[in-house]
Amino acid sequence: STYRHMVSHGYVVVSVRNPVPTTVILGDDMCHGLAWLLAEARDPSSEFFGRILEEGFGTMGHSMGGGGAAHCAAAWPDQVAAIAPLHPAPGAIPTSLRAPMLVPNGNVDFTTSPLLVKTAVYDGSQYPKLMPIMAGAGHLEPVDYTGR
């Protein structure tokens with residue numbers, strides 16, 4: 001799964017789910033998760049104590065979660081150092097994003113089309129950014145929903 005892959009490279013993954021998934025709610029949930037992780041990293045009784053680099057977090061999500069990742073980055077600009085919204089739903093005002101961003105999309109994504117993502121998420125950011133468009137990729141290609 002995507003989570004296991006990230007963990008295998010030394011990342012700590014905080015995953016959020018919400019029965020009412022909007023970009024704002026998911027973004028707020030991500031920020032709460034990051035705040036919890038930061039508190040744990042500073043608590044001597046926590047397994048995370050001294051094991052988390054506090055200089056900058058990254059946010060990542062797919063679709064509504066991608067919009068949530070952007071929303072959290074906009075809400076926590078001093079803590080979020082990188083953003084990876086995958087096939088994102090529009091979620092934050094792009095000019096409020098103050099971190100480098102990777103925004104992959106697929107040329108056959110008819111849910112969050114490359115044109116929508118480019119105009120609503122990508123274009124307004126003034127920070128380094130990259131938007132690879134994957135040939136033949138639809139909306140669900142980059143996501144492993146198996147939970148393994």
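This is a predicted model: local features need pLDDT of at least 70, side-chain atom pairs count only at pLDDT 80 or more; totals for chains, interfaces and linings use all residues.
A residue is called buried when its relative accessible area is under 20%, exposed when that area is over 50%, and partly exposed in between.

Which residues surround it? When its neighbours within four places in sequence are left aside, S125 is in contact with P94, L97 and M101.

The next element to examine is helix 2, which covers residues 23–42. Its length can be checked by simple reasoning. The helix has 20 residues, and at 1.5 Å a residue these should span 28 Å; the C-alpha atoms at its ends are 29 Å apart, which agrees. The buried residues of helix 2 are T23, L26, G27, M30, C31, G33, L34, L37, L38, E40 and A41. Where do these buried residues pack? Their partners are strand 1 (57–62), helix 3 (64–75) and strand 2 (80–86).

The structure contains one aromatic pair. The ring centres of W36 and F48 are 5.9 Å apart and the ring planes stand at 80°, so this pair is edge-to-face; the reasoning rests on the rule that planes over 60 degrees apart count as edge-to-face. W36 belongs to helix 2, whereas F48 belongs to the loop between helix 2 and strand 1, so the pair ties together parts that are 12 residues apart in sequence. W36 has a relative accessible area of 46% and is therefore partly exposed.

Charged side chains provide a further kind of link. Side chains of opposite charge can pair when their charged atoms come close. How many salt bridges does the structure hold? There are three salt bridges. One of them joins R42 and E54, whose closest N and O atoms are 2.9 Å apart. R42 lies in helix 2 and E54 in the loop between helix 2 and strand 1, so this pair ties together parts that are 12 residues apart in sequence. E54, with a relative accessible area of 27%, is partly exposed.

Another salt bridge is formed by the side chains of R98 and D78, at 3.6 Å from N to O. R98 is in the loop between strand 2 and strand 3 (101–102), while D78 is in the loop between helix 3 and strand 2; the pair therefore ties together parts that are 20 residues apart in sequence. Are these two residues buried or exposed? R98 is partly exposed at 43%, whereas D78 is exposed at 65%.

A salt bridge also connects D123 with K118, and the closest N and O atoms are 2.9 Å apart. D123 has a relative accessibility of 35% and so counts as partly exposed. K118, at 38%, is partly exposed as well.

Y3, V7, Y11 and V13 make a nonpolar surface patch of about 380 Å². Of these residues, V7 is found in helix 1 (residues 2–8). V7 has a relative accessibility of 47%, so this residue counts as partly exposed.

How values were computed:
Residues are numbered from 1 along each chain as its sequence is written. Side-chain values use heavy atoms; hydrogens and water are left out. Helices (H or I, at least four residues) and strands (E, at least two) are DSSP runs, numbered from the N terminus. The expected span of a helix is 1.5 Å times one less than its number of residues. Buried means under 20% relative accessible area, exposed over 50%, partly exposed in between (1.4 Å probe, protein chains only). Contact means heavy atoms within 4.5 Å. Patches are made of residues with over 30% relative accessible area and no salt bridge: like charges are joined within 9 Å, nonpolar side chains (Val, Leu, Ile, Met, Phe, Trp, Tyr) within 5 Å. Accessible areas come from the Shrake-Rupley method with a 1.4 Å probe; for residues, only the protein chains shown count as cover. A salt bridge is a side-chain nitrogen of Lys or Arg within 4 Å of a carboxyl oxygen of Asp or Glu. Rings of Phe, Tyr and Trp (its six-membered ring) pair if their centres lie within 6.5 Å; planes under 30 degrees apart count as stacked, over 60 as edge-to-face and the rest as tilted.
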